[in-house]
Structures are given as C-alpha cells and as structure tokens.
Amino acid sequence: MDANTSKPLLLNLRAMFYLVLPSESSYEKLEQVPNFVDEAFPYFTCMVLLEAVVLRLQGKDWPRINDGINSMTHGVLSLLHSLLFRSIELLIYVWIYDNYHLIDLPWDSGVTWFVAFVLFDFFYYWFHRFSHESNIIWASHQVHHSSEDYNLTTALRQSLMQKYYSMCVYFPMALIVPPSAYYVHQQFNLLYQFWIHTEVVHSIGPLEYILNTASHHRVHHGRNPYCIDKNYGGTLIVWDRMFNTFQAEGEKVIYGLVHPNQFWDPLYGQFHHYLYILGLVRKYDSASDRVSAVVKGPGWEPGKPWRGLTEDLPEVEHPVRKYDKDIPTWASLYVVLHFALVLGGYSALAPHKEHLSAATSLGCVAFIIFSLTSFGALFDHKRWSCAAECLRCAIVVGLLLYVRGPIEFEPTLVSGTFVFFLLSAILWGVLTVLQYKFYVVTKKVD
C-alpha cells in the first residue's frame, strides 16, 4: 500500500506508540505529511476516559476535574497561534534545507527515516535539558510541570512560548534531514510522550533500559529532591544513561513545581515565571547578575553554581496538600460541558483557518482565551467570575442572533445552542446579582 495515497489501518493510533514502519510514514513532500497530532485527538479523548476507569478499578481516585481542565486549557492555548500564523519553524527549516543541506538523503529510504528518528530524539534531549537549566527557557517549560496530578491530561499541558525556543535547537537537522522526515518525527516524538504521563503503567520490562517510559517520566515530573533535573529523554532513555541524568523511580513521586501554583488562571500560568525573572533583574545591581538571572538555572543565586544548590530544594511536605478550591459539583460539570463546546468550536474552526479573515481569526482567538480565563476564574472562586461567565454567554447569544441573518446554519442546532447559552447567561446573571448583594451586606456588617 502506498503511504502517499492511502493511509494504513490505524496509523494514527500506532503513531502514538511509534509503532510505525518507514514504508508507511515516509513522504516525498512536506505538504503530503498528515497532521498526525490533530488527527489523534479522538484517541487522546478515549485514552483519558479509559485511564480514569482503570484508576477506579485499581482503587485510586478519579482524576480531578479542575486540574484536568486546566491541563487541557493550556493545551488549547498552545495551539491558538496556528489560527493566526503559519508555522515559522517549518518555514525556516525548509529554507535552511533548500539552501544549505549537505547531503541528499532519499525521502523513501529506511535509513533516512531512522536517521531522522535518532537525530530528533537526540536534539530533543538537549533542548529539554536546556529548558530545565536556563531560567528564560524554564519560564515556558514550567507550564508543563505545573500540574500537581499526573495523568494523561498532564501530557496536554503545553506552553505558548516553548516552540519559539525549541525550533532553534532543531535547525541543524536541516543540514541533513529532509523537511518531510523532520515533520513526521517531530509529531511522532510528541505523540509518543502522551502515553507515558500515567500512573496506571508500572513497568514495561526490559524495554525500560532503552525507552522513555511512564516510570522514568514520573521521576521527571517529581518535585522530590531526588527527581529534580532527571530523565530528559523523549522517546529514548539512552541519552540520560549516556549523559548521567538518569534516575530510576524510588520513593513515591510527588508531582508539580518546587513551589506549586496556587491558582487556575491559565494566562497567568503561562507567563508568571517571566514576571518572576523580571523581578530578579530589577532586584540585582550588577549587569552580570542580571544576565545570570535570565540565562542560568531557576535555582541560581549570586555565589551559587549554575543550577543552584541541591540543599536549597524544599522537602516535600506530608501529607501533600494540593491546591484546590471547593466549588459545587454542578459548577464543575458546567465548566466541563462548556469547555467541550469551546474545544469543539476550535476543532471545527481549525481546518478552515486559511479561509478566515484576520479579524475573524483574531476575534475567535480572543473569545477562546476569554472563555478559558473565565473557566479558570470559576475554579478559583474569583469574585468577578460569575459576571465574566454571564458576559461570555451573552456574547455567544449576541453572535447567534447575528449569524441567523447573514449566514445559513442548521436551524435546530442554532436554536438549541441559543437557548442553552441564553439560560446559562441568565443563571450567571442571577448569581452575579446575588453575589453583589451578599458582598454589599458583608461590607455593611464589617
């Protein structure tokens, strides 16, 4: 079967475990390469649900709704640039390859496929390591480590900014690897790392010596002192063994940042470490200390080594108290439902992004960001969250009233969506009024 004219059976599912052959995943031209990541979304959803069931069968708690939605929220934020811009990374990579590549590797050769696989994973190891050992890159990568839970939704917790750092590390591959092979393995490497974000799988036997696995990656996500700056591999763990950054799983791993986040605000979660670095730059007097605060490790301070001192790492408290704000179960389920609608809207929009005007694309991105921020505010119990959600739903109602005229939609779908968002707006409008009255009464009592 020709890989360029017909897709082999379950290729997208097998790609998530790198169980693919060169003959079925080699492409002559970059534009022929499928978007494996987008096409894997149904598998992401099914595996997240399956993991939750298995966890319950193992006697463990259900994944937390607020943490899971927050992880997926960061994943959506990391994709929004694609509605506004073409892939800068691929444009630059193609330009370097077209002008400066040193050898011509045939696109349909198994050797080319294997070279691309090994080189991408090698460069991934080094970028991943840099992202932990340089504060400015850590500012983007810390988003992925900010979850205090560890499940398949954690894999979706991605950074808005990280791709603009990582692409610079991969450009040397353009001297050798054709763009189509590069793009294939860029996606396969990312997809492979989805399944390793779980506590369901304990070990996969002898393959633990070669592959990056759930056990190895649990260590990487730990904030226990023994876990810090270990196991950077993407698909292979051999780089960590070669460069002395490997650590086997030992005592129970406690997940998250050394100083855990105390909020669900997705935008602040994306950028708060940049603000922290800015504070360090303002704090230090000498130019060398200011530069060091930006480029050296997150644990660096004047007079300390590049990555800081291990003894400065705080011990994990026991029992572990994860950040949480109690909100009614119905409110959590409400956020899940509305998040699914936002995700569905993005999925419907993404394939047609090239036909959208700049104003429409910008408006859609702004509304998605506003929606995700509103959901975070509800989970955080922010005072303004009810008003924000009322406004968000009212905007949808207004838009549906508008599109009924100039654009033809399925009448039943539009009417049902209109009623749903109208009732939602009324609900949060009433809660806003009640919240305001309670606040006024409380202030008077004080």
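**Entry 1: Ser 82**

I looked up which residues Ser 82 touches, leaving out residues up to four places away in sequence. I found Tyr 346 and Lys 353. The model I am reading is a predicted one.

Next I asked where Ser 82 sits. Its place is in the loop between helix 4 (65-79) and helix 5 (88-100). Is Ser 82 buried or exposed? I noted a relative accessible area of 17% for Ser 82. The limit for buried is under 20%, so Ser 82 is buried.

I also checked Ser 82 against Ala 350, which is 268 residues apart from Ser 82 along the chain. The C-alpha atoms of Ser 82 and Ala 350 are separated by 8.0 Å.

**Entry 2: UniProt records**

I turned to the UniProt annotation "transmembrane region", which comes from an unreviewed entry. The record covers residues 77-97, 109-127, 331-350, 356-378, 390-407 and 413-434.

I looked at two of these spans in the model. Residues 77-97 are 62% helix and 0% strand, and the end C-alpha atoms of this span lie 30 Å apart. For residues 109-127 I noted 95% helix and 0% strand, with 27 Å between the end C-alpha atoms.

The unreviewed UniProt entry also places "domain: Alkylglycerol monooxygenase C-terminal" at residues 333-400. In the model, residues 333-400 are 82% helix and 0% strand. The end C-alpha atoms of residues 333-400 are 24 Å apart.

**Entry 3: helix 3 and helix 9**

I took helix 3 (residues 41-57) and helix 9 (residues 179-195) as a pair. Their axes come within 11 Å and cross at roughly 15°. Angles under 35 degrees count as roughly parallel, so helix 3 and helix 9 are roughly parallel to each other. I recorded the crossing of helix 3 and helix 9 as left-handed.

Which residues make the contact? Helix 3 supplies Phe 44, Met 47 and Val 48, and helix 9 supplies Leu 191, Phe 194 and Trp 195. I sorted the residues of this contact by class and got six nonpolar, no polar and no charged.

**Entry 4: helix 6 and helix 8**

I then took helix 6 (residues 110-133) and helix 8 (residues 162-170), whose axes come within 9 Å and cross at roughly 130°. That angle makes helix 6 oblique to helix 8. The crossing of helix 6 and helix 8 is right-handed.

On the helix 6 side I listed Phe 120, Phe 123, Tyr 124, Phe 127 and Phe 130 as making the contact. On the helix 8 side I listed Gln 162, Tyr 165, Ser 166, Val 169 and Tyr 170. By class, the contact of helix 6 with helix 8 has eight nonpolar, two polar and no charged residues.

Note on methods: Residues are numbered from 1 along each chain as its sequence is written. This is a predicted model: local features need pLDDT of at least 70, side-chain atom pairs count only at pLDDT 80 or more; totals for chains, interfaces and linings use all residues. Side-chain values use heavy atoms; hydrogens and water are left out. Axes are lines fitted to C-alpha atoms, for helices over the stretch in contact, and angles run from 0 to 180 degrees between N-to-C directions. Helices (H or I, at least four residues) and strands (E, at least two) are DSSP runs, numbered from the N terminus. Angles under 35 degrees count as roughly parallel, over 145 as roughly antiparallel, 65 to 115 as roughly perpendicular and the rest as oblique. A crossing is left-handed if the near helix is turned anticlockwise from the far one by less than a right angle, and right-handed if clockwise. Contact means heavy atoms within 4.5 Å. Ala, Val, Leu, Ile, Met, Phe, Trp, Tyr, Cys and Pro count as nonpolar, Asp, Glu, Lys and Arg as charged, and the others, Gly among them, as polar. UniProt positions are given in the numbering used here, feature names are shortened, and annotations may be inferred rather than shown by experiment. Buried means under 20% relative accessible area, exposed over 50%, partly exposed in between (1.4 Å probe, protein chains only).
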